[in-house]
Amino acid sequence: MIGDVTERLSSPVFVGRAAEVASLRTALERAVAGKPSAVIVAGEAGVGKTRLVAELSSHARQIGVITLAGGCLDVGDGVLAYAPVVEATRSLAGVLDERELEHVLGSSRDELARLVPELGTPVVGSDPVAPARLFELLLGVLHRLAERRPVLLIAEDLHWADQSTRDLLGFLVRNLRAGVCTVLTYRSDDLHRRHPLRPFLAELGRSDRVERLRVGSLGRREVAALLAGITGERPSAAMAAEIRERSGGNPFFVEELLAARRDGTTLPTALRDVVLARVEALSEPAQRVLQVAAVAGRRVDHQVLAAVSAQPVEQLVGVLREAVAHHVLTAEEGSESYAFRHALVQEAIYDDLLPVERGPLHAAYARALSGRVNARAGTATGAATAAELGQLAYHWYAAHDLGAALLACVEAGQAAEAIYALAEAQQHYERALELWNQAPQAAARSPLGRVTLLQRAAEAAYLIGEHDRAIALAEVALADTDAARDPLRTGVLLERLARYRWMAGDSTRALTTIEQAVSALPAQPPSQERARALAARGQLLMLTARHHQASACCEEAIAVARQVGARPEEGHALTTLATSLGLLGRLEAASGYFEEALRIAEEVGNTDDMCRARLNFAGALTIYGCWEESTKVSLECYRLASRFGAMRTYGRAGLGNAAEALIFLGRWEEAVPMLEEVFELDPPNAWAPTALQTRALYLLHRGDLTGALEDLSAVRMLDPLEVGPQFARMAVLAIWEGQLEEARAAAADGLAMLGDGNGDGGYLVIEVIQAGLAAEAAIAERSLAQRATDKLAESRGVAQDLLDRARAAAAQDSAMPLVQARLATAEAEWTRVEGASDPDRWAKAAAAWQRLSCPYETAYAQWRHSEALLAAGTSRETGAEVLRQSWATASELGARLLVEEIGALARRARIVVAGPAGAPESVTRFAEPGGGFGLTPREREVLALVTTGQTNGQIAQALFISGKTASVHVSNILAKLGAANRSEAAAIAHRLGLG
């Protein structure tokens with residue numbers, strides 16, 4: 001076994017490159033049409049040029065295009081002249097049979113055999129073929145080949161091409177007149193200013209038949225897809241982001257880094273060697289400057305680099321020009337800074353330094369940065385930036401000056417907090433805590449004590465979604481605090497710990513902890529700390545749908561906050577009060593409180609409450625069914641979160657809320673990109689369920705039951721606001737799958753978890769009740785068809801209980817249009833359970849959803865409305881019109897399963913629904929007569945019902961025909977099948993797949 005070698009994994013899935021593939025296929029299509037085309041594909045090493053060309057080759061072979069491919073070799077200029085053309089031409093012997101090969105090669109066969117022996121017997125002793133003659137011979141071969149079939153000619157790695165190869169390829173591109181698509185690839189990062197390929201490319205670029213295609217790096221989504229293709233599972237957003245950053249989006253680097261990660265190594269040897277090869281080609285002075293620059297990190301300022309490297313100005317500029325010319329560094333526009341072209345280049349150079357070399361260089365950087373900051377102090381330029389302080393902390397720590405590092409970390413953490421760089425603040429504070437006992441003298445001079453550092457680190461971790469880490473830090477802070485001597489700090493720590501536990505999904509301990517916090521804080525004298533604990537208690541009560549208790553607690557918190565002038569606590573309590581009032585049906589009053597809470601949050605600069613007020617307001621609007629307004633406020637939350645670095649929490653939730661509202665509005669094409677971004681943000685556990693449920697709702701509407709089940713099954717923890725959607729959507733999924741008992745169980749489980757809602761949460765249970773009644777309606781219809789009277793009675797009993805709960809829940813929230821729409825639908829489903837679906841009830845439900853601008857729900861209610869009208873037999877014309885409206889809406893949305901059900905009803909009722917272009921044929925016209933045993937389409941429909949045991953009367957009702965007509969159809973079926981009775985006909989149908 002060879003040591004220190006990391007296996008590189010490759011993805012079986014071709015990721016991204018849709019635009020590049022389209023460009024290449026367009027060029028190939030021109031060749032298929034008999035016209036020549038040429039594409040020059042550029043990209044850095046490892047970016048995926050070969051994989052891209054391989055995809056084109058595969059496609060070409062599938063459509064019957066002859067594919068000839070070869071590549072240049074890095075063995076020295078002129079050593080292997082014409083290498084790619086020789087390799088490509090050699091494959092002709094395997095592509096063509098002897099007769100075809102003889103025709104294509106013609107009289108040039110023996111001459112070409114000198115270049116490609118596989119083509120024939122070289123002429124011994126003859127004069128060499130002149131290049132011009134050789135070029136003409138190959139051109140003739142390609143033309144004759146293209147007369148038979150289109151040709152794809154590929155020459156890779158032109159950066160290694162010799163002069164003869166360049167001349168030949170240039171000649172072919174300029175002179176081909178037949179259906180040949182030529183694709184040439186080269187490494188753009190290998191082309192220094194004097195590289196001989198540059199004039200060749202410039203010359204070809206003047207031809208109007210040549211296209212240039214640059215293959216860039218992969219984005220974050222594409223890197224995540226590449227990782228998923230390799231591992232077979234979706235990577236975390238953090239992992240994808242890290243590998244994207246380190247690899248620069250280069251697929252080869254991505255694969256190498258993943259392999260190294262699996263093996264527990266930092267940088268695989270193979271990749272390190274590839275990266276360092278370019279560096280080692282530079283002069284010794286340039287390599288030394290790059291080593292100094294690598295210690296600074298990915299980017300380095302020119303003046304600081306000059307100070308640390310101690311190079312003469314002219315010499316430094318010269319070696320930097322060399323590094324830029326060879327694509328190791330890039331000069332950043334608009335600044336006096338340089339950046340390594342790839343983070344991996346910097347990593348490899350840094351790793352190549354000896355440990356004894358790194359420390360002094362880090363110390364030199366720290367001194368240079370300190371001097372720069374001190375020189376600027378008191379000037380118009382101002383104090384040090386957070387970035388500079390962060391660099392200072394990094395370099396002092398890497399230089400092993402622990403005292404200087406501790407103090408620099410504290411200062412850097414405070415600066416990061418001030419600019420809302422919370423992830424960086426947490427890292428700096430935790431580094432200071434790590435050094436606390438190792439540098440006691442510096443710790444004694446720290447402007448922040450140990451418990452304060454723990455508090456700040458915990459809060460930063462919480463705000464960026466690292467809830468488990470926040471809990472751990474808060475628990476350490478509590479252990480270091482004497483509750484008897486410092487009740488205020490104890491209360492504050494308990495209040496924050498309760499919040500962290502709630503966000504981590506531990507609601508039971510969160511509620512216990514917040515009660516401990518309120519108890520720990522004395523009521524007199526009034527204090528900011530007590531106002532905060534009361535506000536937090538009100539928030540947790542609101543989140544558990546105890547809205548009357550929450551309102552009372554928040555009013556107490558507001559009163560205390562106003563007594564002591566605690567504006568942040570007042571604003572927080574106002575947001576919670578507004579939320580509870582909104583969910584108690586008092587949206588107008590809630591709106592006023594939300595506006596007041598927002599003003600306070602902006603006044604005091606509380607980013608958490610700025611986002612929270614918007615998010616909660618959007619949530620209340622969603623529960624009311626005010627989708628447009630909810631979308632607007634949700635996106636305000638998202639934009640604010642992106643500004644303040646809270647994307648994984650509030651940003652994700654705001655974007656998810658907006659996506660859900662757009663799904664209800666039927667604007668799925670807008671919602672889908674939002675959902676994709678939501679799942680790129682790798683949420684903490686407590687923020688995941690709602691997003692998964694939202695995507696499951698979209699997938700259910702689209703008819704992707706497998707995807708919906710995957711998302712719903714991924715939900716691991718639920719708070720009360722999420723229980724209803726979770727179990728309602730599980731029930732709907734089971735109904736579509738025909739698993740009616742599972743649907744009933746899902747609804748029952750959801751209602752059991754929600755309990756009675758403490759009298760405050762009718763909106764929590766109404767969705768799951770609606771789904772439960774739909775399940776019972778399907779069970780009742782099946783039981784009726786099977787004449788299972790006991791099951792029918794059971795279903796009606798369950799449905800009656802559900803209906804009673806629906807009405808009670810809706811009575812609590814009578815002002816909420818969404819709740820009332822769900823009640824109208826639930827009552828309409830109940831009429832299906834009773835045995836005669838009520839058209840008026842379904843018309844009312846459809847109208848309720850239409851007022852809310854929810855096209856999917858409207859189409860569903862219209863489908864049931866038309867079904868009820870047709871079953872009643874009183875208004876066929878109206879039923880047909882409603883059915884067409886339902887069909888048009890569902891088709892436009894792309895709601896596959898709903899479209900199929902509407903189409904099935906249309907066929908049974910003999911109604912033609914005119915679908916839009918591209919609609920499934922099965923629902924736009926009727927099948928032609930014929931089929932097995934000569935059964936007509938109508939007889940097949942009747943036979944399908946016979947196989948389920950339905951009587952003639954039930955068949956008549958299902959197909960909207962008379963009993964006599966049904967009897968005639970059954971008789972005809974028995975005769976055509978040669979069956980003695982209905983049971984035998986059903987057996988034949990099952991055996992032969994009829995009906």
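**Strands, helices and cores in a predicted model**

C181 is buried, with a relative accessible area of 0%. Here, buried means under 20% relative accessible area, exposed means over 50%, and partly exposed lies in between, with a 1.4 Å probe and protein chains only. The model is predicted, so local features need pLDDT of at least 70 and side-chain atom pairs count only at pLDDT 80 or more, while totals for chains, interfaces and linings use all residues. Residues are numbered from 1 along each chain as its sequence is written, and side-chain values use heavy atoms, with hydrogens and water left out.

C72 also counts as buried, at 5% relative accessibility. The structure holds zero disulfides, a disulfide being a pair of cysteine sulfur atoms within 2.5 Å.

The chain has 995 residues, and 54% of them count as buried. Its secondary structure comes to 49 helices and eight strands. Both are DSSP runs numbered from the N terminus: helices are H or I with at least four residues, and strands are E with at least two. Contact means heavy atoms within 4.5 Å. Of the contacts in the chain with a separation of 6 or more, 67% are between residues 24 or more positions apart.

Strand β4 covers residues 180-187. Seven of its eight residues are buried, so β4 is largely enclosed by the rest of the structure. Two strands pair if DSSP finds at least two bridges between them. Strand β1 (residues 37-43) pairs with β4 in the parallel sense, over seven bridges. Within β4, Y186 stands opposite A42. Strand β3 (residues 151-156) is also parallel to β4, and five bridges pair them. Here A155 has L184 of β4 as its bridge partner.

Together, β3, helix α8 (residues 163-175) and β4 make a right-handed β-α-β unit. A crossover is right-handed if, with the strands pointing away from the viewer, the path from the first strand over the helix to the second runs clockwise.

On strand β2 (residues 66-71), five of the six residues are buried, so β2 is largely enclosed by the rest of the structure. Six bridges pair β2 with β3 in the parallel sense. A69 stands opposite I154 in β3. R61 is found in helix α2 (residues 49-62). R61 is exposed, with a relative accessible area of 54%. R61 and L152 are 91 residues apart in sequence, but their C-alpha atoms are 9.3 Å apart in space.

Three bridges join β8 to strand β6 (residues 299-301), and the two run antiparallel. The bridge partner of D301 is S337 in β8. Strand β7 (residues 329-331) also pairs with β8 in the antiparallel sense, over three bridges. L329 stands opposite F340 in β8. In a regular strand the side chains alternate between the two faces of the sheet. In β8, S337 and A339 point one way, Y338 and F340 point the other way, and all are buried.

F340 returns in the nonpolar core. Such a core is a set of buried Ala, Val, Leu, Ile, Met, Phe, Trp, Tyr and Cys residues joined through side-chain atoms within 4.5 Å. The largest one has 234 residues, and those with the most contacts inside it are L290, L305, F340, Y365 and L898. Helix α39 (residues 762-785) gives the largest share of this core, 11 residues. Not counting residues up to four places away in sequence, L290 touches V279, L282, A323, V328, L329, F340 and I349. A second, separate core has 48 residues, including L101, L153, F171 and V210.

Y365 lies among the buried residues of helix α18, which also include G359, L361 and H362.

D609 is in helix α31 (residues 607-624) and has a relative accessible area of 4%. Leaving aside neighbours within four places in sequence, D609 is in contact with P568, G571, H572 and A601. I973 is in helix α48 (residues 963-977) and counts as buried at 2% relative accessibility. I973 and E939 are 34 residues apart along the chain, and their C-alpha atoms are separated by 6.6 Å.
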